[in-house]
Amino acid sequence: MIIEIDLESSTPIYEQLIWEIKKGVANKKINSGQEMPSVRELAGDLGINLHTVNKAYKLLEDEGILLRRRNRFVVNEVENFKENGSWRKEMDDLLYKIIINEKLLGLSEDDFSALYQENLKKIENKMEDE
């Protein structure tokens with residue numbers, strides 16, 4: 001599992017870690033049922049504070065993406081975290097920000113659709129390369 005953290009980014013490290021894990025699950029580099037590295041192990045590998053890893057794992061657990069088994073975390077089945085429902089709030093929050101920016105910039109639905117398709121292709125290509 002390759003996780004890239006940019007220590008110079010303005011995005012908090014725990015958020016970067018969450019998105020890296022989600023990306024790994026989405027592109028099937030991290031599989032359902034797979035045990036995640038321990039908090040201490042991942043923090044050591046990435047050179048970050050173990051509380052940062054713990055926060056990311058806890059938020060992913062709250063979303064239903066990770067399950068705690070004893071003192072370890074494993075990746076939940078996709079169907080299970082879809083049913084959890086907490087993903088809906090996150091998607092609503094993200095879409096709210098996107099729509100506000102769309103309105104602010106005066107983008108049409110066609111502009112937005114083209115932007116979506118362009119970014120979807122970039123992400124799919126990047127995921128294939130990884």
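The crossing of helices α1 and α3 is right-handed; that label applies if the near helix is turned clockwise from the far one by less than a right angle, and left-handed if anticlockwise. Helices are DSSP runs (H or I, at least four residues), numbered from the N terminus. This is a predicted model, in which local features need pLDDT of at least 70, side-chain atom pairs count only at pLDDT 80 or more, and totals for chains, interfaces and linings use all residues. Residues are numbered from 1 along each chain as its sequence is written, and side-chain values use heavy atoms, leaving out hydrogens and water.

**Packing of α1 and α3**
- Helix α1 spans residues 13-26 and helix α3 residues 50-62; they pack at about 50°, with axes 9 Å apart.
- Axes are lines fitted to C-alpha atoms over the stretch in contact, and angles run from 0 to 180 degrees between N-to-C directions.
- From α1, the contact (heavy atoms within 4.5 Å) uses I13, Y14, L17, I18, I21 and K22.
- From α3, T52, V53, K55, A56, Y57, L59 and L60 take part.

**Charges over rings**
- K55 lies over the face of Y14, 3.9 Å from the ring centre.
- The charged end of K22 sits over the ring of W19, 4.6 Å from its centre.
- Such a charge needs NZ of Lys or CZ of Arg within 6 Å of the ring centre and within 35 degrees of the ring normal.

**Around E90**
- E90 is in helix α5, residues 86-105.
- Leaving aside neighbours within four places in sequence, E90 contacts W19, K22 and E63.

How values were computed
Helix = DSSP H or I, 4+ residues; strand = E, 2+ residues; numbered from the N terminus.
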